[in-house]
Amino acid sequence: MAAEGSIVKLSLKDFMTFDDVTFLPGNKLNLVIGPNGSGKSSLSCAMVLGLAGKTKILGRAPDVGQYVKRGKEEATIEIELFKKNNNNITVRRTMTIDNKTSWHLNDRPSSQKEVEELMKSMHIQVDNLCQFLPQDRVHDFAKMNKQELLDNTQKSVGSPKLYQMFNELKNNMKLDGNHEKHIQKIKDQKLKAEDQVAKLDAEIEKVKRKRKMLDDVANLKRKNAWMQYEEKKERANFLKKKTDDKSKHFNEKEKEFEPLTREIEKAEERYSVNEDRIGQSNTGARMDCAETRKMLQGVKDVHDKIAKIQSNLKTAIQDDSRVNVEMQSLQNELDRVENNLSTVNNAETNARLLEIEEKIGKATLDRKSIIEEQEEKRHQMENIRNELRAVEHKINTLKNVLVKKLALLETIDKHAYKARQFVEENRHLFSGEVYGPMFVELNVAAAGAKYAECLIGFSDKISFLCENGSDVTKLVELCSTQRKLHINAFQAPKNRGPVREVYKPSYPISELRKYGFTNYLLDFVEGPELILRYLCQNNRIHNIPVGGPAVLEERNSQKIKDLKINTYFTDRHLMRVIYSKYSSTPRSKAVALRQPSIFIHDGKPDPALERREGQLKQHLNNAQSILSEICNRRQESEDSVNELFNERNAIRKLKESANFMLSKKQNIRREIQRLENSRINREAEEEKAYAAIKNAFMKCTEKLKEVVYRAGVGQEKIIHNAVLVKKSEKLQDDIATKKEAAKEASQELNALKTELADYEQKCLVLKKDANEARKEALAISDNLSPDNAEFQRRFAKAFAELPESAEEIHRMVVNFQARADCLGVNEQAVVESEKLKAEIQRLNVELKERTDEFVALKERTGHIKEKWLDELKQLVFTINKSFSAVFKRMECQGEVLLTNNGNENDILKYGLTIRVKFREEDELQELDIFRQSGGERAVTIGIYMLSLQELTHVPFRCLDEINQGMDEQNERRVFNTLVETVKKNTTSQYFLLTPKLLNGLEYTDQVKVHVIFNGKGAVTDQAWRRVNRLFERMANKRRHEDSDDSD
């Protein structure tokens, strides 16, 4: 019967190497056989990941997304676990390439924590190397120390109570240490507190003495405060009486001041009435004056009009004289212009002008032709210069690429950089060509840089290549021996012709394009033939194709394997095809490409560019010579044309001058006519002016008579106004006298008022001081006043014993205060002492509680340890008995011991020691990775796991390729022992994964063999099931036939 938790069925979809497969294991021993790379370990990985195991258990890829088959988005693992009464449990895990996981239990969505709890309840421990030993963790088993082996063995075969006691003991050990440390800490704290209390007692006594002195000081200050209050109170009452007397005297003076004020007001009213009358008189006088001034202004206007008439007459006479002079001057100018016009011959001038115009036209055409020729030559030179600049830019760019390569070389290998400089400076020392470092000489296209950098090793990239072998020796001696430069130098392969003719690919690239390839690596690389021969011979760059993502498509990938193309590039990976040593089955290995860091500069010198540069410079010089000759001819033509232009301009200027003089002649005649028309009749103008002056004098005489009348009226008003002013002056003197008397009375009244306010203010201040003194006295007397009974009870007796003088009280305060200050006590000592005593009491209680807990923990740990050791020793005895028996049958010797390194009390020192001996002459030695061979360790691990079988509490065990490294004899022994073990009904389900089995092994019905064949020609899972059912029917038929024959 199957063990509860054993695997009934395992289904995989798009997981690692499998597309879709179902695995049906047997109840006992399952042998999974298949060549390397077929997917055996994929089954063990599926068991771990499908049963909530971590990827680190497998020792492979760290992310679950990396277990999804290449080209797929997600993978599914479904495991059916046996449970009694047909209650099997199905666990399904779905993983995506972006590392996301979903869980299902019996098609119900679940969580990883729930699955982990289920595995724990069924005793499935995929992280325990004693139950599950993946291929990549076989060596980890041998690396386990004694304590780890004991821990894993208890989890695997010990009872749950045994492992629980073990963990409890480890926790109790930690608690013991913590308790001891805590108890000691409490004792230290208590002792420290007691010492501090003893030190504070003397300080407390000093504090008491100081407080007594300070109490005396406080009583002195209280009595002094009440004495000051009584004194200030008496002074305030005395000042209050004087203030009342001053107020009475002020009221009497204020009554005497009121009649004087009323007399001043009546005098001011009379003065105001008189001032109004003076104002009215002044207003009438001002109006008369204004009218008089107006009349005088009229007289003045008449005089101004007469003066203006005389001035206008004089101006008109002067203007007429000036016009006469101008007319005479214009007539003289007109005579001169007519004389000049008579000297100009228009016919001869026009003929000469036509002749010059014809010469200018011909010279202009010649000059235009020369200019066009000059511009054409300049355009031709500019084209040459542009091409020359482009060629020079390309040459400089190539030179800059070399500089960048050398700068990169200096960064990555200073020795190679210095060697390169030495070779460049001393090429005459070598018999043949010396190139290097290699990446400096090579020009790799940007598209192929990452492929070249991945394929060509770093040491090759910085190596030197010599044409002759003698140069290799000389280069190494000169650089390495003499200059201590560490470099690599090789001799290049012999020259058997052009590289691309000697080294040809196995298949033309045209035949490989249908599989996604575009180029061979050689197509991206340019450089000296010597280096290319080396790369073709050593790295086969001529035979490594490069393609894109289409290369990885399944149909193309298989065809590439059929063509035996073992190394090629995709856009992201270097693909290598590796063949199995056992079955010759091909397996692809992908290496991710990185961005290039060395082949990052693409450039090479171009001799054709240098030749073209020389040709262009020669063409430019020739064109410059021709252009100079054209410029000379143009200058001669320019001079000739300029001379003709100058002569033409002179003639034109002469004609323009004649035209100007004709125009000027007409203008002069028009101006003479205008001046003639503008002349005046002097006699008529003089008579007209005299008549206007006479009329103005008559008007002026009438206005002067009216001014004399107005002056008489104004004189009378001025005399009346002077009488009123005298009256106002008398009233004003009377008012001033009375105001002076009122002012003196007011000043006396204000002085009394100020004095009264001063007395009132002083009274308020004294009263406030008395109140403040009372408040201060109350504050230091606990708010008690002398009329209070409590005050008399607390302070009266002390006050009676104190002096009555303020000076004596002050002296005693200073004395007591100084003595108290000199004590220098710590006021916090009392508080600290009380706190420390409370802390000591608390520590006594806590110390007793912790001590009781520690004793109880010691007793409980002792009981648990006794039970744990008894059960553990019995378990180790049983394991050792089985382990030793199997080794004895193998004619070897082995034992399993419980050790503690001589420290019985330290649980963490307990461990399991496996000691084995495979040869008679050897001694028993502990199992580790240094003493035993790989095969011996594998035998020991297998036997140990079988020894745990009778004690097992796990439903299944898995051993992945544990027989690798065993010799035939040991492998046969282990297999036979395993077959004997699984015959027992109590054994777990076993999985043994191996690429091979020995011939002649004995099998039983408890053994089920599974053969994995995974590849292009693999039969589908459904077809295998049909074949399996056919085999089962045939086996049943044979059993029936055998039964009939026996009857």
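## About the model

The model is predicted, so local features need pLDDT of at least 70 and side-chain atom pairs count only at pLDDT 80 or more, while totals for chains, interfaces and linings use all residues. Residues are numbered from 1 along each chain as its sequence is written, and side-chain values use heavy atoms, leaving out hydrogens and water.

## The sheet

Let's start with an open sheet of six strands, in the order β2-β1-β4-β5-β6-β7, with antiparallel pairing. Its edge strands, β2 (18-23) and β7 (108-110), each pair on one side only. Here strands are DSSP runs (E, at least two residues), as helices are (H or I, at least four), numbered from the N terminus; two strands pair if DSSP finds at least two bridges between them.

Strand β6 (residues 101-105) is joined to β7 by three bridges, and the two run antiparallel. Trp103 stands opposite Ser110 in β7.

## Aromatic contacts

You can find 10 aromatic pairs in the structure (ring centres of Phe, Tyr or the six-membered ring of Trp within 6.5 Å; planes under 30 degrees apart are stacked, over 60 edge-to-face, the rest tilted). The rings of Tyr451 and Phe524 have centres 6.2 Å apart and planes at 35°, so this pair is tilted. Tyr451 lies in helix α10 (residues 449-455) and Phe524 in the loop between β13 (517-520) and β14 (525-526), so the pair ties together parts 73 residues apart in sequence. Both Tyr451 and Phe524 are buried (under 20% relative accessible area, with exposed over 50% and partly exposed in between, using a 1.4 Å probe and protein chains only).

Phe23, Phe956 and Phe991 form one aromatic cluster.

## Helices over the sheet

Helix α1 (residues 40-50) lies across β1 (7-15), β2, β4 (74-81), β5 (89-96) and β6, at about 105° to β1. Helix α2 (residues 112-121) lies across β4, β5, β6 and β7, at about 50° to β6. Contact means heavy atoms within 4.5 Å; axes are lines fitted to C-alpha atoms, for helices over the stretch in contact, with angles from 0 to 180 degrees between N-to-C directions.
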